[in-house]
Structure formats: structure tokens, C-alpha cells
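This report is for a reader who is new to the structure shown below.

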Amino acid sequence: MVAAHRAAANNSDMANPRRPLDSRIEIITPENIAFQYVLAGPFRRLPAYLIDCALCIAVLVGTLVLLSLSATFAGILTVGIGLWLVFAFVLSWFYFSLFETFWNGQTPGKRLLGLRVLSVDGQPINALQAIVRNIVRNLDAMPMLGANAELGVPFYMVGLLAMAANDRYQRLGDLAGGTIVVVEKRSALGGLTPMRRGDVLAFAQNIPVQFVTGRALAQALSIYVARRERFSAARRFEIARVLAEPFCERFDLPEETDPDLLLCALYYRTFIADRPGRDASGPVAVPAVAEGAGR
Amino acid sequence: MKVAQLLDHRREQWRDLEALCRELERRRVRRLGPAAVLRFASLYRAACADLALADAYQLPIDTVQYLHELVGRAHNQLYRSQTFRWRHWGHEMFFELPGRLLADRALWLAFAVFWGIFGASLLLAFSSREYCERVVGQEALAHLEASFSQPVVDRDGTGASAMSGFYVIHNAGIGLRCFAAGLVFGIGGLLITISNAVQLGAVFGHMLTVEQRANFLQFVTAHGPFELTAVVFSSAAGMRLGFSLVATGGLARVASLRRAATEAVPTMGAAVILFCLAALIEGFLSPSSAPYAVKAGVAILSASLLLLYVVGLGLRKH
């Protein structure tokens with residue numbers, strides 16, 4: 001029992017050996033859905049950290065100024081300074097922990113830049129993890145200029161080394177707390193590229209009706225068409241030719257066919273419609289596959 | 001069905017889910033109402049299903065990317081961070097922690113190292129002024145003697161709170177740094193503990209030999225037990241972290257570290273609470289002109305409270 005528990009703990013911890021070295025991490029939810037996050041590296045996290053630091057300093061200086069202003073009216077300066085020092089202590093040691101606990105893994109800086117702290121298994125963090133990762137921050141921040149002063153300037157070399165040494169960009173605090181930092185991107189829904197060019201629609205007729213696009217081809221087509229606008233005509237020719245030439249032979253098309261045009265027509269046939277002006281489904285196997293996988 | 005139709009069909013649902021996510025990020029769940037929450041859950045499940053079937057649907061690569069991001073965002077709104085559960089932490093502090101402290105070999109080691117070296121340093125300083133000058137430094141010694149040359153008098157009452165605040169930020173900061181340094185295989189925390197013990201021992205030993213002895217004892221007696229115990233606790237918590245990297249108990253090192261962290265943080269929490277209590281006493285009672293008997297009484301009371309906490313509550317568990 002204990003051995004099994006230990007093995008499980010070890011397993012969950014070890015990176016999947018087949019996982020390619022990538023800044024993406026796959027999370028499997030309790031619904032058994034796998035989705036990917038982009039891990040946040042040191043240079044995405046630094047600006048968020050700087051924002052948080054600036055906020056902390058601004059709040060501390062602001063409250064101190066308010067305090068000294070109010071002290072001229074009432075003799076509460078020393079009591080106020082005592083409270084302010086306690087406030088400074090809480091802010092300097094627990095600012096990150098408190099925000100990450102109550103804001104679901106985010107601090108103001110992280111929220112502004114779309115970062116979030118999660119457990120390594122993709123679950124949200126709890127208070128304990130937030131506290132651990134942010135106390136050990138003090139070790140990650142080494143070497144510190146003026147380490148004994150309360151306002152040391154951290155260089156985060158230890159944290160940077162730790163991040164470089166593992167494949168999930170975890171600094172020591174993340175390792176101790178079992179957390180990762182991910183990017184929560186909000187890109188707009190990128191749909192299909194509309195194909196309204198007459199020549200593409202006309203050319204699509206040349207593709208045999210019974211031709212079915214495979215998955216790999218569909219993926220290649222979607223990548224190519226999404227990016228072709230950014231290339232010059234010569235470059236498009238060069239890229240498209242590799243894929244288009246075998247299809248020219250297969251469909252008995254003349255050799256001087258424009259490869260870009262052929263790929264656009266294939267894209268139209270695969271993603272948009274079988275025939276121009278008709279959106280009804282043709283004898284294509286896609287729905288059958290989809291429903292089969294759904295069951 | 002072609003992808004274009006599928007996208008037309010689904011686009012609206014995805015947009016709805018996106019809008020709900022945005023709402024949830026800004027507002028509390030309760031404000032949203034049950035209907036919206038139910039709708040969020042079903043939209044989330046639908047988006048998950050779409051993502052799972054993206055390959056079979058042959059969705060374009062941009063759309064798959066969008067779905068990954070959308071499901072990720074919704075997942076983070078569905079599963080939210082656990083905030084402090086007060087009952088759980090109360091149970092941890094009063095029922096679990098004392099027993100664990102009593103059985104924790106890191107605590108005994110920290111205790112032995114701190115008090116052993118403190119005592120040795122005190123004896124050395126008591127017998128030789130040269131040792132003291134080497135450890136503490138001549139200037140610091142002169143400064144120390146000067147600052148205790150006057151008998152302790154009442155500050156005008158207002159300075160006390162400022163000093164308390166200062167002691168919190170200074171002493172608890174040292175404790176937390178000692179805890180973090182402990183992660184380096186326990187050595188970092190051990191070094192800080194030893195250096196603290198040597199310094200404090202030398203100061204105590206020296207101050208007992210000079211004529212400012214009475215003033216010094218007037219100042220340090222009351223808050224001593226809480227503050228020194230807090231130093232020992234934070235050093236022990238750091239060592240628990242560091243030793244877990246060496247004695248992993250069959251776990252991977254990182255997993256072992258993570259398990260030790262869940263045990264060490266409550267200890268560190270206790271240390272921070274002790275530092276704060278000590279700072280209150282140090283700010284208000286220690287520099288006051290209260291008779292020495294009162295201060296000694298506070299010291300005895302706080303020491304017996306600590307003993308009751310660690311041994312009394314700890315043994316009940318076993």
C-alpha cells in the first residue's frame with residue numbers, strides 16, 4: 001500500500017519521458033480531456049514581477065506619505081509607524097501568497113500579463129502551495145545586493161539556474177510547492193480563411209469528387225493557407241510546389257498548374273464546400289469518423 | 001458536414017463560454033446566478049468534447065489552438081484555488097503540529113545546536129573579553145555597552161508600537177530567511193542558526209560581565225523565551241525542508257521536498273506567530289520601568305506556555 005502510494009507520487013512527479021522538450025504542457029482534466037498550456041519562462045515572468053514590485057513600493061510609499069500627512073494633525077505618528085511596519089512586513093513577505101491564494105493563482109502583475117500559477121497536475125493551487133513558493137522566493141532571489149537591508153535588490157540567479165535545469169521552468173519555490181506558471185492567452189477565434197476567389201472555386205471542380213483529404217494533409221493545408229498571405233508570390237510557389245506536384249500527377253492536371261492555386265482549391269474542398277455555391281455535404285467520410293470517435 | 005458548417009454551428013457557443021469566463025474572472029460566482037453557472041458547466045463540457053474531437057473534425061490549426069486556450073481558461077474558472085480553511089488550519093496548529101514538533105528530529109537538532117552553541121559561546125565570552133571582541137567587534141560592543149548604560153525607563157508610550165513594528169519586520173524577516181536558506185540541504189539554515197547562536201551567546205556572555213548587567217537583564221528577560229524559541233522553530237522548519245532532499249524515504253527528491261514543505265510551513269507559521277508575540281513584549285513591556293519580577297514572571301509564563309504547547313499537546317497525540 002505504502003509502496004504503491006510512493007510509486008504513484010514518484011510517477012506523477014517524473015516528467016513523461018516521451019514528452020518532447022517544449023514550452024507546452026499537457027494537462028488531463030478530471031473529465032479526461034487533454035488540453036495544452038503554454039508554460040511561462042523567466043522572461044515572461046519578469047515583467048509581471050516588476051509590476052508587482054512597483055505596486056508594492058507605490059503602496060508602501062503612498063501609505064507612508066498619508067501617514068506623515070495625517071500625523072501633523074493628530075499625534076498618532078508612532079502608533080501609525082508601528083502599524084505601517086507590520087503592514088510592510090506582511091506586504092513584503094506575503095503579498096504574492098495572499099494574492100495567489102485569493103485571486104486563484106494570480107497577482108495583479110500576473111493578471112495584467114495573463115499568467116497564472118497552477119499545481120503541476122493542472123489543478124489550482126491552495127494556500128499552502130502559495131505560501132511555500134513565495135517564502136522560498138527569498139532563496140531564488142539570491143544573490144541579493146544589500147541582503148541584510150529590507151530593501152535588497154534581487155538578481156534571481158538561483159531561480160534562473162533552477163528554471164534552466166528543469167523542463168517546466170520551475171524555480172526552487174515552484175519545485176518545493178509543486179507549482180508551475182502558465183500563460184493564459186486570449187487569442188480571438190481564428191476561423192477558416194474565406195475563399196471567394198473565382199479562380200479557386202472554378203479550379204476546385206478539377207479535383208475528383210471521390211477524393212478524401214487525410215488528417216495530415218488537412219493540417220498542412222490549414223497551416224499553409226493561414227500563412228500564405230504573408231509570403232511573396234515566388235516564396236508561395238516554392239513552398240506549395242512540394243505538396244502540389246504529387247497531386248498534379250494524381251489528378252492528371254497540366255504541369256504548369258499554379259501550386260498555390262491547387263492548394264487553395266484543396267483547402268476549399270476540404271474545409272468549406274464540395275462545390276461552389278453548395279454547402280450540402282458530399283460523400284465525405286468526416287461526419288462518420290467524428291461520430292464514431294464521439295461514442 | 002464540412003468544417004465551415006461545424007464552425008458556424010459552434011462559434012456562438014464558444015463565444016458564450018468566452019464571455020462567461022470573462023464574467024467569472026471579474027466577478028464572484030455568487031453574483032452570476034445559478035442559471036449562468038449551469039450554462040457555464042454545459043458549455044465547458046461541450047468545448048471539451050469539441051477539443052477532444054478536433055482531430056477527427058479536422059479543425060484548422062488556429063481553431064485548435066483557440067480551443068486549447070478556451071478550455072484552459074474555463075478549466076481555471078471551474079476549478080478554483082482553495083483559500084484558507086480556518087478550521088483546517090486551527091486543527092493543524094493545535095492538534096497536528098505539537099505532536100509532529102515533538103517527534104521531529106530536525107527540531108531537536110536545531111534546539112541542541114542553538115542552545116549548545118549559545119551556551120558555549122556565552123561561557124567563552126564570560127571568561128574572555130578578547131573572544132567577544134573578535135566575534136561581535138569592538139565598535140558593536142562599545143555601542144552595546146553605551147545603549148544599556150542608562151537604566152530602562154518608560155518611553156512616552158507611543159514609541160513602543162513603532163518599536164514593536166520594527167521588531168516584527170526585522171526578527172520575523174530573519175526567521176523567514178533562515179527557513180528559506182534551510183532548503184540548501186539544511187546546511188544554509190544550520191549555518192545561520194550557528195552564527196546567530198554564536199553572536200547572541202557572545203553578547204549575553206559579555207553583558208553579564210560588565211556593570212550594565214542589570215539594565216541588560218531588565219530588557220531581555222521578558223521576550224527571551226518567545227523570541228529564541230521562534231529562532232529555533234524557523235531553523236528547524238528550514239532543516240526539515242533541506243533534509244528531505246537527502247533522506248527522501250523512497251520518494252523522488254522533488255516529491256519528498258514537496259511533502260516536507262507541507263509539514264514545515266505550519267512550523268514556520270508557529271515561528272512567525274511567536275516572533276510577533278515576542279515583538280509585542282519587546283516593544284511594550286521590555287523597555288518599560290515595570291519591576292523585574294513582572295518581567296521574569298512573563299518570561300516564566302511564556303516558557304511554560306511553550307512547554308505546554310509542545311510537550312503537553314504533543315504527548316496527548318501519541
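## Confidence

Chain B has an average pLDDT of 85, and 97% of the residues score at least 70. The model is predicted. For the complex, the predictor gives an ipTM of 0.85 and a pTM of 0.80.

Within chain B, confidence is lowest in helix α2 (residues 29-32), where the mean is 76. Confidence is highest in helix α7 (residues 105-127) of chain B, at 91.

## Helices α1 and α3 of chain B

In chain B, helix α1 (residues 3-26) packs with helix α3 (residues 34-52) at an angle of about 130 degrees, and their axes are 9 Å apart. The two helices, α1(B) and α3(B), are therefore oblique to each other. Their crossing is left-handed.

From α1(B), the residues that take part are B:R10, B:Q13, B:W14, B:D16, B:L17, B:L20, B:C21 and B:L24. They meet B:A36, B:R39, B:F40, B:L43, B:Y44, B:A46, B:A47 and B:D50 in α3(B). The residues of this contact divide into 11 nonpolar, one polar and four charged.

## Residue B:H75

B:H75 lies in helix α5 (residues 61-78) of chain B. Is B:H75 buried or exposed? B:H75 counts as buried because its relative accessibility is 0%.

Leaving aside residues up to four places away in sequence, B:H75 touches A:T29, A:F35, A:Y37, A:G122 and A:Q123 in chain A, and B:Y44 in chain B. B:Y44 is also one of the α3(B) residues that meet α1(B).

Notes
Residues are numbered from 1 along each chain as its sequence is written. Chains are lettered from A and ligands numbered from 1 in the order in which they are written. This is a predicted model: local features need pLDDT of at least 70, side-chain atom pairs count only at pLDDT 80 or more; totals for chains, interfaces and linings use all residues. Side-chain values use heavy atoms; hydrogens and water are left out. Helices (H or I, at least four residues) and strands (E, at least two) are DSSP runs, numbered from the N terminus. Buried means under 20% relative accessible area, exposed over 50%, partly exposed in between (1.4 Å probe, protein chains only). Contact means heavy atoms within 4.5 Å. Axes are lines fitted to C-alpha atoms, for helices over the stretch in contact, and angles run from 0 to 180 degrees between N-to-C directions. Angles under 35 degrees count as roughly parallel, over 145 as roughly antiparallel, 65 to 115 as roughly perpendicular and the rest as oblique. A crossing is left-handed if the near helix is turned anticlockwise from the far one by less than a right angle, and right-handed if clockwise. Ala, Val, Leu, Ile, Met, Phe, Trp, Tyr, Cys and Pro count as nonpolar, Asp, Glu, Lys and Arg as charged, and the others, Gly among them, as polar. pLDDT is the predictor's confidence in each residue, from 0 to 100.
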